[in-house]
Amino acid sequence: LRLETDAAIVERFAMEMQRLKGAVHDAERLAAVFACIGEASRRCLKMWPHPVQFTGARVLLQGQLAEMQTGEGKTLVAALAATAMAGSGAAVHVISTNDYLAQRDCAEMLPLFEFFGLRGASIRASMEPHERREVYAHPICYVSGKELVFDYLKDRLAGHGVLPTRVSQLRALSVAGAAQPQAPLIPALHFAIVDEADSVLIDEARTPMIISREAPGLYEPELLHWAIEAARTMQAGEHYRMGAARELELLPCALDHAGAPPVGVRAVWRSAQWRELVLRQALTALHLYLRDQHYILAEGKVQIVDESTGRVMADRSWEQGLHQLIEAKEALEFSKGRETMARMTFQRFFRRYFLLSGLTGTGAEASRELWSVYRLRVRRIPPHRPNGRRRLADRCEATLAGKWLAVADEACAAAARGQPVLVGTRSVEASEQVAQEFTR
């Protein structure tokens, strides 16, 4: 192939893809397809895939999860599989953890896709619906998981995917001259490659993505003020208990301590179960959601902060009255209530793909859960070269302050030896604590 022209390689790729369609389990046909893609990668990206990268791509095409160590080139592995699958005519979604990675990976791999005449693009949060529709129409689309799920929910709200195609067409024809509905944002869920699959499919699997609209609040303002004031007088261990997973449990004397709800609220709040619900939410607002950590006050409003990125999500709100209870806690004007129109979790969404695959550096630990939920088998791919990394023994500290002190000491010692150090934390707050230790 190295002596062939670009046009000859493209023609050979199309021919081998047609042969592979007639024998999808033929390893020799797949090897011929990968040979064409690998040569195109060498010419366009100046990278010839290693044997382990071809192996990883084959695992993806089999609808499995490839576990590859950091530095093994998972971005190119995803591109190899995406090119092969898009060449068969399937719609390919490469799912990243955020918009930046989606845009970066797509830009890096785009010359490879274009070599075979395949269009590729990425979704950004700032895109308008018509722009998103154009990007999703590409054979290869890079997109973050959250953007993808929200676009899917918007399609469901617009009526796409609810009825079988024939029924939808008949309904459209039943009204003479009726305007044709817009095409869905996402035309099909054929093949997905989930990068950092452990984070998307396990860590965030049950976090719901919700589309809501303004609606009359469930909680009257008088009830919210009563709940917050009652919660402020409650003592831990006497009126409520906080579990190891930071869940709050009201103790039997809590309702008697809070007293009767204010006069004028709906009769439903006379029920012990409903009062327990609002009091538990009030305690949650007081003790589990902290200002400048989980939210900030800006322009007289409570604005949620993404704990992982530190970014403000100005258009988001907590549900079940929690947002309004935090506003009562901060003595702010109440925002309007929200009514849930559609919701979806990663766990439910990704099972809707015809073929699902993924890439991760740590999949074996969650292999049982990945199989039971997504029917994804984990295949461990060996490194291209023997791993020279040494895994040192774990250290456990009794306190959080002691842990950050030990992290700072170890990092400074490594830096003094001329070693660059990357300290990874779970939240912005933890990053600031480490920074304070470095400053000290």
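This is a predicted model: local features need pLDDT of at least 70, side-chain atom pairs count only at pLDDT 80 or more; totals for chains, interfaces and linings use all residues.
Q: In what order do the three strands of the open sheet with β9 stand, and is their pairing parallel or antiparallel?

A: Residues are numbered from 1 along each chain as its sequence is written, and side-chain values use heavy atoms, with hydrogens and water left out. In general, the strands of a sheet pair through backbone hydrogen bonds, either parallel or antiparallel. Here the order is β9-β10-β11, and the pairing is antiparallel. Strands are DSSP runs of E of at least two residues and helices are runs of H or I of at least four, both numbered from the N terminus; two strands pair if DSSP finds at least two bridges between them.

Q: What is the strand order in the open sheet of seven strands?

A: Reading across, it goes β3-β4-β2-β5-β13-β1-β14, with parallel pairing. From one strand to the next, the twist averages 20°. Within the sheet, β5 and β13 run parallel and are joined by four bridges; Ile 193 stands opposite Ser 357 in β13. Helix α7 packs on this sheet, where α7 touches β2 (92–96) and β4 (140–144), and the direction of α7 makes about 105° with that of β4.

Q: Since we are at α7, is Glu 147 buried or exposed?

A: Glu 147 lies in α7, residues 145–157. Its relative accessible area is 16%, so Glu 147 is buried; buried means under 20%, exposed over 50% and partly exposed in between, with a 1.4 Å probe and protein chains only. Leaving aside residues up to four places away in sequence, Glu 147 touches Asp 99, Ile 123, Ala 125, Arg 132 and Tyr 136. A contact is a pair of heavy atoms within 4.5 Å. For contrast, turn to Asp 256 in helix α11 (residues 254–258): Asp 256 counts as exposed because its relative accessibility is 69%.

Q: How many residues of helix α3 are buried, and what do they pack against?

A: Eight of the eleven residues of α3 (residues 51–61) are buried, so the helix is largely enclosed by the rest of the structure. They are Val 52, Gln 53, Phe 54, Gly 56, Ala 57, Val 59, Leu 60 and Leu 61. Their packing partners are α2 (27–44), β1 (65–67), α4 (74–87), β5 (191–194), β13 (355–360) and β14 (378–380). After α3 comes Gly 63, with a positive phi near 75°.

Q: At what angle do α16 and α17 pack?

A: Two packed helices are described by the angle between their axes and the distance between the axes. Helix α16 (residues 400–416) packs on helix α17 (residues 428–439) at about 60°, with the axes 9 Å apart. The two are therefore oblique to each other. Angles under 35 degrees count as roughly parallel, over 145 as roughly antiparallel, 65 to 115 as roughly perpendicular and the rest as oblique. Leu 400, Trp 404, Leu 405, Ala 408, Ala 411 and Cys 412 of α16 meet Ala 430, Gln 433, Val 434, Glu 437 and Phe 438 of α17.

Q: What residues meet where α4 packs on α5?

A: On α4 they are Thr 75, Leu 76, Ala 79 and Thr 83, and on α5 Arg 104, Asp 105, Glu 108, Met 109, Leu 112 and Phe 113. The axes of α4 and α5 (residues 99–115) come within 10 Å and cross at roughly 50°, and the two helices are therefore oblique.

Q: And how many helices and strands does the chain have?

A: The chain has 17 helices and 14 strands. Of its 440 residues, 41% count as buried.

Conventions: Axes are lines fitted to C-alpha atoms, for helices over the stretch in contact, and angles run from 0 to 180 degrees between N-to-C directions.
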